[in-house]
Amino acid sequence: MSTEDIPKQEEVEPTTEPIEKYPSSDILLSVIQSEYDIEVGRKRDLETRAGILIALLGAVVVFYLTEIDFSFFKTTNSKVEVLCFILISLIYLFPVVMLLLSFNKFINVLKTKSYQRIGLEGFDEEIAKRNQNELSFDLMESYAVVVKSDTISNNEKADDFKDGIDKLTIAIIGITVTYILKELLKLFI
């Protein structure tokens, strides 16, 4: 190719294609919408699990309270026996306290937290005339704010759920210990 075949600067026609300000905005918008959907699902999952565990807690409380038997303490004669009765009563009540604390944590998971949404403000004819990429970018920014806020609320719910599980685990261990203690007391009394 000779230098005569190369067009000169003034002979080149300028392109009429507009330069996109945010060429990746559609991809970013779809990613942040996926993150939004994940946070909505996470909230729903935490609340569903907490509801199931509240039902389980109710069954455990009913079972445990019907199994507690203080009848063998009716014949306390000495101060040592009274002291033992008080100590064993506290041991029996410990799982109940843990079950109630666990219940409280699961209720906190079900409480309505501050969740944000995109909202419908600004969805009008004027906005519809805007460039698609710029609009996608603006929506992406709005979703990002919402996802960050909802993540904080879901993290609080997840922490309460974890605390509730920990307390429920301690309560079940306590129930097991009190059951064994009750059976041992039957052997000695």
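**Briefing: a helical model and its aromatic pairs**

Buried residues account for 25% of the 189 residues in the protein. The model is predicted, with an average pLDDT of 83 across the protein. Its secondary structure comprises 4 helices and 0 strands, and the structure holds 2 aromatic pairs.

**Confidence**

- A pLDDT of at least 70 is reached by 85% of the residues.
- Among the elements of the protein, the highest mean pLDDT, 91, belongs to α1, and the lowest, 78, to helix α3 (residues 125-128).
- Where pLDDT is low, the predicted coordinates should not be read in detail.

**Architecture and surface**

- Read from the N terminus, the order of elements is α-α-α-α.
- Of the contacts between residues at least 6 apart in sequence, 91% join residues that are at least 24 apart.
- The protein exposes about 13500 Å², and carbon and sulfur atoms supply 62% of that area.

**Aromatic pairs**

- The structure holds 2 aromatic pairs; one of them is formed by Y36 and Y143, with an edge-to-face geometry, a centre-to-centre distance of 5.4 Å and an angle of 70° between the planes.
- This pair links distant parts of the chain, since Y36 lies in helix α1 (residues 25-67) and Y143 in helix α4 (residues 132-188), 107 residues apart.
- Both Y36 and Y143 are buried.
- F106 and F161 form an aromatic pair that is tilted, with 5.7 Å from centre to centre and 55° between the planes.
- F106 is buried, as is F161.

- Helix α4 contains I175.
- I175 counts as buried because its relative accessible area is 12%, whereas the cut-off for buried is under 20%.
- Apart from neighbours within four places in sequence, the residues in contact with I175 are V60, Y64, P95 and L99.
- The C-alpha atoms of I175 and L93 are 9.4 Å apart in space, while the two residues are 82 residues apart in sequence.

Notes
Residues are numbered from 1 along each chain as its sequence is written. This is a predicted model: local features need pLDDT of at least 70, side-chain atom pairs count only at pLDDT 80 or more; totals for chains, interfaces and linings use all residues. Side-chain values use heavy atoms; hydrogens and water are left out. Rings of Phe, Tyr and Trp (its six-membered ring) pair if their centres lie within 6.5 Å; planes under 30 degrees apart count as stacked, over 60 as edge-to-face and the rest as tilted. Helices (H or I, at least four residues) and strands (E, at least two) are DSSP runs, numbered from the N terminus. Buried means under 20% relative accessible area, exposed over 50%, partly exposed in between (1.4 Å probe, protein chains only). pLDDT is the predictor's confidence in each residue, from 0 to 100. Contact means heavy atoms within 4.5 Å. Accessible areas come from the Shrake-Rupley method with a 1.4 Å probe; for residues, only the protein chains shown count as cover.
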